[in-house]
Amino acid sequence: MSRPGHRESGATTAADGAQPAPGAGEEHRSLGLKAALAGRVARPGCRVLDLGPAVEANVAFLTRFAGHLSIADLSDSDSGGAGGQGWRERLATAVGPYDLVLLWDILAYLDRTQASGLVGRLRSLTGPGAVLFLLINEGAEMPARPRVFEIRDEETLLYRPCPCGLIAAPRLPPADVARLLAGFRVDASYLLRHGVREYVAVSGQCDVDHNS
Amino acid sequence: MWKKGDSDEPGVPDTTPPRPPAGSPAADRSPRGAREAAIIGPSITIRGDVTGDEDLTIQGRIEGTVTLKQHNVSVGPEGRVDASIHARSVVVEGEVKGDLHGEEAVVLRKTARVQGNVQAPRVTVEDGARFRGGIDMGEPSTVADKAPAVRREPAKVGEMPPRPGSTAAPGDART
């Protein structure tokens, strides 16, 4: 099934409970990722924190310029990653400061208290000017588990299919997201045609400057 | 205790090392030519420091350190290592809790479960691998000398991979 605003890549659709094949899924342009990688953040030797699972393509892409890449998968709900306080344990050994944090769509799977706690932890792991990239599904439903995103290039993401069904999405309008991101300033946000809004936030600046 | 031929001992299962996949550092370069890697079989547990002068395949368990800086170390699917590993190249198919230092490369296969930090000029993490930790590629000044990541085209340092014709305005989405 195709929706406006995306194109499908790969012919396979994962069966229920199976891991989707690499390369399968919906490919979307990501203006947020492009903005997040722009400027001095993606300079050679920068430090990147990826809060998604270890994805071969992402590791290959990020290590082209990152001097250090930390991976702490918060999307693995089976291991208490996104839910509960799992993120605390996952980030216990992370050592900042990071220049770029890829939060992906984790925030929507946490309640407000957990989300605030996670953002606070990320603030402590970043210095002024560091960039936080995240996505929020603004539709009524979202996958039951955080998606796996595959970086195809600096402005294209592949959304891997999630064989987990759909759940009601929390209502997180931009103003609420900006409040949740205390300690970061929303530098830009992009509402894409498939109902996902991408955010690029910068640490160390608390003013809310919401675009788009 | 863990040298080649251990599989002849009674009660020790066959410990024939898995053939490194084509293209892997272990397959591409063997410091001893046709010499086979030493094997720590699946029933073997070693607590302490492992050093030596030959390639090593770990199918059993090691708690301590593994230092074979001039050689290749493979952790087989059943291998379990609670130790840091220093080697020329490290290929992991099993479980490692510890840091991995590869003089040339570190490869985490899809069955790998690794908790620790990886330091190598070339690092490959296959889809399906479970990895938590950091990847250090070295000092920025040396990045230009590194080979590109496996299965990727070379990219100049400090230059994002080009995408011709990318001029879309905010809010635009690919269809």
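Analyst: Strands E8(A) and E9(A) form a hairpin with two residues between them; helices (H or I, at least four residues) and strands (E, at least two) are DSSP runs, numbered from the N terminus. The model is predicted, so local features need pLDDT of at least 70 and side-chain atom pairs count only at pLDDT 80 or more, while totals for chains, interfaces and linings use all residues. Residues are numbered from 1 along each chain as its sequence is written, with chains lettered from A and ligands numbered from 1 in the order in which they are written.

E8(A) covers residues 149-153 and E9(A) residues 156-159. The two run antiparallel and are joined by four bridges; strands pair if DSSP finds at least two bridges between them. Across the pair, A:Glu150 stands opposite A:Leu158. E8(A) is mostly covered, as four of its five residues are buried. A residue is buried if 20 or more other C-beta atoms lie within 10 Å of its own, exposed if 12 or fewer, and partly exposed in between, with C-beta atoms placed from the backbone.

Next is strand E6 of chain A, residues 126-137, which holds A:Asn137. A:Asn137 counts as partly exposed because 18 other C-beta atoms lie within 10 Å. Apart from neighbours within four places in sequence, the contacts of A:Asn137 are A:Asp105, A:Ala108, A:Met142, A:Ala169, A:Gly195 and A:Val196; two residues are in contact if their C-beta atoms, placed from the backbone, lie within 7 Å. A:Asn137 and A:Val196 are 59 residues apart along the chain, yet 4.4 Å separates their C-alpha atoms.

A:Pro128 is also found in E6 of chain A. A:Pro128 counts as exposed because it has 9 C-beta neighbours inside 10 Å. Residues up to four places away in sequence aside, A:Pro128 touches A:Ser203 and A:Gly204.

A cis peptide bond, with omega about 0°, joins A:Gly96 and A:Pro97. In E5 itself lies A:Trp104, whose phi is near 55°, a positive value in a residue other than glycine. Most residues other than glycine have a negative phi, and most peptide bonds are trans. A:Trp104 counts as buried because it has 21 C-beta neighbours inside 10 Å.

Helix H4 of chain A, residues 112-124, has 13 residues and reaches 18 Å from its first C-alpha to its last, close to the 18 Å expected; the expected span is 1.5 Å times one less than the number of residues. In H4(A), A:Ala115, A:Leu118, A:Val119 and A:Leu122 are buried. These four are on the same side of H4(A) because they cover an arc of only 100° around the axis, the arc being that of the directions from the helix axis to the C-beta atoms. A:Thr113 and A:Gly120 are exposed on the other side. The buried residues of H4(A) are covered by elements including H3, E5, E6 and helix H5 (174-180) of chain A.

Finally, the largest nonpolar core has 99 residues, and A:Val101 and A:Leu103 have the most contacts inside it. Such a core is a set of buried Ala, Val, Leu, Ile, Met, Phe, Trp, Tyr and Cys residues joined through C-beta atoms within 7 Å. A:Leu103 touches A:Leu51, A:Leu132, A:Phe133 and A:Leu134, not counting residues up to four places away in sequence.
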